[in-house]
Amino acid sequence: MSDFSEELTKTISEDDQVETSVLTGTGMYFPWLQKHLETVVTGGKKKKDFAQTTSACLNFIQEALLKHEWQQAAEYMYSYLQTLEDSDTYKKQAAPEVIWRLGSEILFYHPKSNVETFNTFADRMKNIGVLNYVKISLQHALYLMHHGMLEDANRNLSQAETWRYGEKSSSQEILINLVQAYKGLLQYYTWSKKKAELSKLDENDYAYSSATQSMLSDSWKTSVNICGLIKTPGVWDPFVKSYVEMLEFYGDQDEARKILTSYAYDEKFPSNPNAHIYLYNFLKKEKAPRAKLLSVLKNLYQIVPSHRLMLEFHMLLRRSEKEELRKLGLKVLFGVLDFAGCTKNITAWKYLARYLRQNRLAWVQEEWSSRKSWWPTFHFSYFWAKSDWKEDADLTCEKAFVAGILLGKGCRYFRYILKQDHQVLKKKIKRMKKSVKKYSIVNPGV
């Protein structure tokens, strides 16, 4: 790849004046474009006007990006820079952001790109698109973080934090809050490294006291930078987690609980399963009452019924003294196994098998009635019997027991397992056969 930053300012030379080039009024050289434009024909006429030329070029860039043809995309991108000269005011204002988004994507993935090239491109785009200065600075900082250049990233964020252009809008304020929050995240990273080092020091040493003071300073800076963002409606998982960890470290459990509760339940914030997960783990660590844990998991269940914490939710419900909660526990378990990603979860199948042995016939039939038309194919086909047995015999036995209860001894999955000669599982299969006869909902009482 020729240096992208050079291409941004390259001007035509006499040697470059060839028939296959396209020139603009400023003398910028656009290679490879002419031959493609010659193929763009509408009603027998070539698209030669400015708007149609840039539109065609943009289409070529998008196609190259979709095919991961980074070199070709870079070549078209160089040509697309003429949009900065568009006579349409709206398009001219939008051009810097479009160029930044496309160009940064190309430079991030191009095999011959490097940090220096990306930095040059980013700095020039900040000056061209002053309205997008903060946004570009933030994305530039993220790129530098990705490459481990944390000091440079922090410097970019500090510059963006003090940038002002025109009247301050609400969207600009959110961006500034986001910039400050990422500064806080970098400070948290420094704090966490010091925390790891602190565990290796003797509490009576001066070094320990010095490190503690330094950590306290970092945590205060993090707090100042993150607080503004996490009060704004949005999904701020890494910032909330980092801040809460600091609060817990310094023993401020009440503030940590307050932040997590607000993050999970404030109606101004979008629905976010992670918010409920963070709150549940915090309350669990605090040994909160079961009712509180159930309340949080119930909200998570309504958002992500297949989450791995649903098995914990099931166990809490199952131990409840209230019958309606124990019934909900069975519903939760069936719900988990409705999802393809959970079909081989042996714990879920064990829990369901255990529940079925409790002989809650009415509850089981209520849940089974809506599934009997599709679960047999989804879980209990002959194909799955062979596949499951080959992968995990223990899982297959648990599933076979459930299949026998729900579908009877004639179920192909159940019959396939009974025919297997497995020395270790022979007794288990024999017990399973007796249990299916006792608990089957197909022929109760048989």
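Let me start with a term: a residue is called buried under 20% relative accessible area, exposed over 50%, and partly exposed in between, using a 1.4 Å probe and protein chains only. What you see is a predicted model, in which local features need pLDDT of at least 70 and side-chain atom pairs count only at pLDDT 80 or more, while totals for chains, interfaces and linings use all residues. Residues are numbered from 1 along each chain as its sequence is written, and side-chain values use heavy atoms, with hydrogens and water left out.

I begin with the aromatic rings. The whole structure holds 25 aromatic pairs. Rings of Phe, Tyr and Trp (its six-membered ring) count as a pair if their centres lie within 6.5 Å; planes under 30 degrees apart are stacked, over 60 edge-to-face, and the rest tilted.

One of the pairs is tryptophan 374 with tryptophan 375, edge-to-face, with 6.4 Å between centres and 85 degrees between planes. Which label does each get, buried or partly exposed? Tryptophan 374 is partly exposed, because its relative accessibility is 32%. Tryptophan 375, at 0%, is buried.

Another edge-to-face pair is tyrosine 382 with tyrosine 416, at 5.4 Å centre to centre and 90 degrees between the planes. Tyrosine 382 is in helix α20 (residues 382-391) and tyrosine 416 in helix α22 (residues 412-418), so the pair ties together parts 34 residues apart in sequence. Helices here are DSSP runs of H or I with at least four residues, strands are runs of E with at least two, and both are numbered from the N terminus. Tyrosine 382 is partly exposed at 35%, and tyrosine 416 is buried at 16%.

Back to the tryptophans: Trp374 and Trp375 belong to a cluster linked by ring pairs, together with Phe334, Trp349, Trp368, Phe378, Phe380 and Tyr413.

Next, a charge and a ring. The charged end of arginine 357 sits over the ring of phenylalanine 401, 4.2 Å from the ring centre; the rule asks for NZ of Lys or CZ of Arg within 6 Å of the centre and within 35 degrees of the ring normal.

Last, the backbone. Most residues other than glycine have a negative phi. Histidine 68 has a positive phi, near 60 degrees. Histidine 68 sits in the loop between α3 (50-66) and α4 (70-80), and counts as exposed because its relative accessibility is 54%. Lysine 287 also has a positive phi, about 60 degrees, without being a glycine. The loop between α13 (273-285) and α14 (290-303) contains lysine 287, which is exposed at 74%.
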